[in-house]
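This report walks through one protein model, from a single side chain to the contact between domains. Please keep the sequence and the structure at hand.

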Amino acid sequence: MKRKIKILYVSAEISPYASAGGLGEVGKSFPTALLNYEDMEVRRVMPLYKRIDRKLKYLTDFSVPMDNEYDTCVLKTDPECKDIITYFIGNDRYFYRDNIYAYEDDGLRFYFFCRAIIEMLKNIKYKPDIVHTNDWHTGFLPLLLKKEFPSIKTVYTIHNISYHGFIPPSYLEKYVSEEEAGRLGYPQWLNFMKAGIIYSDLLTTVSPGYKGEIVQPEYSYGMSELIAGRAGPMVGILNGIDTESYNPKLDGVLTYPYDMKSLEQKKKNRTLLRLEYGLPDTEIPLIAMVTRLDYTKGIDILIKSISHSDLNTFQLIILGSGNPYYQGILESIAEGYSGIMVFESNYSATLAKKIYAAADIYLMPSLFEPCGLGQLYAMRYGAVPIVNPVGGLKDTVLDIKKYPERACGFYMENWTVEALTIAIKQAVNAYHFADWNKLIVNGMKYNASWNTSVAKYRKYYEKLIMNLMK
Ligand code: GLC
């Protein structure tokens, strides 16, 4: 048999251990999908956060050089996770905290994560062919690997180019020349995102649309020159989803399972959810949004749009957490519109699935969206998305005006309150007058599985190993 390709997948989030959104979902579904190829051996590594409260197995510990001192890493694995060995990088000072992110020393915390992975590779009997890193938290790994394990190839995938991460230059003095440090941000702070872009052997992002955007200075958060300066191109490969667990017929969650041939069952799920949340069961559409409460997800424009909309014509349910400021506003609006609007902040994947199943229309008015998973889940459950056509949203949702036959959703004309209000109105009208089921079925037919994308990644992995990347 051919030798297996050994991939170490590195991420700050892997669901269900710890996840703040799409990065964590992909940390679960993508490595699992890689295993469909017999010649792939996949392992994963993530930080051991406080919230990971399951029984892990102690493997070893070792010291990790940081600036002028050493910290200790306790390395553990999950004995329950047999298909994919998953390592946890433990250090209470950095990771035993209530949240995953948003601490002043996030730069140091994730520099420790990167540096500890280097020491892990020195301490355990395992050497990957490729280390696949993700987003800024892992950005210094391609650099450190180049210096310490030059034969290991690296992939850096950008899930969101707007977050960068910084550390003081002294941490990398041993590794980089003054000129290199300059490219990373010296004499100020050194930038994780820059390091990932400069030092990785292959640079990817999560949709062709987003790739097209972030090579342009206006959308690149200062990274476009570095991307253009790389020897090889950046590739945009669409994310997939776990189509087995997100399947309205077989997810084991819905009281009334359905597929595109039994859409009358979908309505029964809507009735149930309405009952649960005190919404009258009438023939107006239920609009839903499952989201992180963040400016870039379009929460501000949605809040304003609510006051410009005719709330006799639809109901709205928002499942969201994140910024407490938005949480407060949404709670008080929902209180004022009881029987019309619901705001729920307790996320669970089960509740999210019930909402996708109950929803007629799904909102994704993002300012930018590298790939977006919500629209894919929604389409799979027959909820018709309204999107701002950017990044992966443009690649996955076809607009009713542009593609009357194949359409599965509605585009906003701009990222404004007015455009969102108009798009909602159009969708609500179409729900009553257009061939609504056709939109639903077109969306349900969209192939959101990982198959095609995993095949693409695998080709690139092979090229990397055979030194064919230019
Ligand atoms: C980030 C992006 C989102 C993408 C996800 C997974 O959360 O904002 O668009 O789907 O990463 O790649």
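The model is a predicted one.

Helix H2, which spans residues 92-95, holds arginine 93. Leaving aside residues up to four places away in sequence, arginine 93 touches Glu69 and Asp71. Threonine 72 is 21 residues from arginine 93 along the chain, and their C-alpha atoms are separated by 9.7 Å.

**Two domains**

The domain assignment gives two domains, and domain 1 is written in two segments, 5-240 and 450-464. Domain 2 covers 264-445. Between the C-alpha centres of domain 1 and domain 2 the distance is 33 Å. Domain 1 brings 18 residues to the contact, and domain 2 brings 16 residues.

| Property of the domain 1 and domain 2 interface | Value |
|---|---|
| Buried area | about 1,200 Å² |
| Share of buried area from carbon and sulfur atoms | 57% |
| Salt bridges found by the rule | one |
| Residue pairs in polar contact | five |

Which three residues supply more than any other three of the area that domain 1 buries against domain 2? They are Glu25, Glu213 and Leu238, with 31% of that area.

Next come the elements on the domain 1 side. Helix H1 (22-34) and helix H7 (208-214) are the elements that give two or more residues to the side touching domain 2. H7 gives the most, with four residues. By residue class, this side of domain 1 has eight nonpolar, eight polar and two charged residues.

**Helix H10**

Helix H10 runs over residues 299-308.

The buried residues of H10 pack against both strands and helices. The strands are S12 (286-293), S13 (315-322), S14 (341-344) and S15 (361-364). The helices are H11 (324-336) and H15 (417-433).

Technical notes:
Residues are numbered from 1 along each chain as its sequence is written. This is a predicted model: local features need pLDDT of at least 70, side-chain atom pairs count only at pLDDT 80 or more; totals for chains, interfaces and linings use all residues. Side-chain values use heavy atoms; hydrogens and water are left out. Domain bounds come from an automatic or database domain assignment. Contact means heavy atoms within 4.5 Å. Buried area is the accessible area (1.4 Å probe) that two parts lose on being put together, summed over both. A salt bridge is a side-chain nitrogen of Lys or Arg within 4 Å of a carboxyl oxygen of Asp or Glu. A polar contact is a pair of N or O atoms within 3.5 Å; within protein, one must be able to donate a hydrogen and the other to accept it, and residues adjacent in sequence count only if both atoms are side-chain atoms. Ala, Val, Leu, Ile, Met, Phe, Trp, Tyr, Cys and Pro count as nonpolar, Asp, Glu, Lys and Arg as charged, and the others, Gly among them, as polar. Buried means under 20% relative accessible area, exposed over 50%, partly exposed in between (1.4 Å probe, protein chains only).
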